Amino acid sequence: MKALLVVAHGSRREASNEEVRKLCRHVEKQAAGEEFFLVRAGFLELAEPSITEGISQCIQAGADQVVVLPYFLSAGRHVSEDIPAEVKKAEQQHPQASIVLAPYLGSAAGVSRLLLELATGGEKNGYSAE
């Protein structure tokens with residue numbers, strides 16, 4: 001079974017962390033057990049669970065594959081170094097599981113279209129982070 005761990009930076013502002021968790025709950029409902037049976041948030045710093053804890057939680061819930069998706073817009077140090085290092089640690093802790101690092105959000109082809117939709121008020125998909 002496959003789980004998705006959406007990795008955000010983490011914030012001292014708990015409302016921001018909860019916004020990421022809410023997004024994950026929405027994605028999990030959309031996945032409806034088809035792509036992922038479980039969608040959770042993990043944080044690089046300042047919030048819980050950490051990336052390695054989030055991966056462990058997914059595996060403890062029954063995942064044999066965890067896809068780690070960096071919820072970042074650019075390939076800075078966190079995307080290019082820090083998150084892969086955390087994934088590598090988790091692979092060592094869980095050699096029985098497949099842990100896959102997905103491309104970061106900002107690299108997706110659809111991001112430019114989404115930005116235009118948001119800027120023109122056209123994004124009406126029923127989900128709001130508020």
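**Before starting**

This is a predicted model, in which local features need pLDDT of at least 70 and side-chain atom pairs count only at pLDDT 80 or more, whereas totals for chains, interfaces and linings use all residues. Residues are numbered from 1 along each chain as its sequence is written, and side-chain values use heavy atoms, with hydrogens and water left out.

Helices (H or I, at least four residues) and strands (E, at least two) are DSSP runs, numbered from the N terminus. Two strands pair if DSSP finds at least two bridges between them. Contact means heavy atoms within 4.5 Å. Buried means under 20% relative accessible area, exposed over 50%, and partly exposed in between (1.4 Å probe, protein chains only).

**Stop 1: the sheet**

Select the four strands. They form an open sheet in the order S2-S1-S3-S4, with parallel pairing. Strand S2 (38-43) and strand S4 (98-101) stand at the edges; each has a single partner strand, so one side of each is left without a neighbour in the sheet. On average, neighbouring strands of this sheet are turned by 25 degrees against each other, direction ignored. For this angle and those below, axes are lines fitted to C-alpha atoms, for helices over the stretch in contact, and angles run from 0 to 180 degrees between N-to-C directions.

**Stop 2: S1 and S2**

Next, select S1 together with S2. Six bridges pair these strands in the parallel sense, and Leu5 stands opposite Arg40 in S2. Five of the six residues of S2 are buried, so S2 is largely enclosed by the rest of the structure.

S1, H1 and S2 make a right-handed β-α-β unit. A crossover is right-handed if, with the strands pointing away from the viewer, the path from the first strand over the helix to the second runs clockwise.

**Stop 3: the loop between S2 and H2**

Select Leu46, which lies in the loop between S2 and H2. Its phi is near 70 degrees, a positive value in a residue other than glycine. Leu46 is partly exposed, with a relative accessible area of 42%. Pro49 has its place in the loop between S2 and H2, and the peptide bond from Glu48 to Pro49 is cis, with omega near 0 degrees. Most residues other than glycine have a negative phi, and most peptide bonds are trans.

**Stop 4: S3 and its partners**

Select S3 with S1 and S4. S1 and S3 pair in the parallel sense over six bridges; the bridge partner of Lys2 in S3 is Gln65. Strand S3 (residues 65-70) is joined to S4 by four bridges, and the two run parallel. Gln65 has Ser98 as its bridge partner in S4, and Val68 has Leu101. From S3 the chain crosses through H3 to S4, and this β-α-β crossover is right-handed.

Pro70 is found in strand S3. Is Pro70 buried or exposed? Pro70 is buried, with a relative accessible area of 2%. Leaving aside neighbours within four places in sequence, Pro70 is in contact with Val7, Val79, Ile83, Leu101, Ala102, Pro103, Tyr104 and Leu105. The C-alpha atoms of Pro70 and Ala102 are separated by 7.2 Å, while the two residues lie 32 residues apart along the chain.

**Stop 5: helix H3**

Select residues 77-93, which are helix H3. This helix has 17 residues and reaches 23 Å from its first C-alpha to its last, close to the 24 Å expected at 1.5 Å a residue. The expected span of a helix is 1.5 Å times one less than its number of residues.

Centre on Ile83: a kink of about 25 degrees lies there, shortly before the proline Pro84. The bend at a residue is the angle between axes fitted to the seven residues ending there and the seven starting there. The buried residues of H3 are His78, Val79, Ile83, Glu86, Val87 and Ala90.

**Stop 6**

Select Ser56 in helix H2. At 14% relative accessibility, Ser56 counts as buried. Apart from its neighbours within four places in sequence, Ser56 is in contact with Gln93 and His94.

Finally, select Thr120, in the segment after helix H4 (111-119). Thr120 counts as exposed, at 66% relative accessibility. Its C-alpha atom is separated by 36 Å from that of Gly54, 66 residues apart along the chain.
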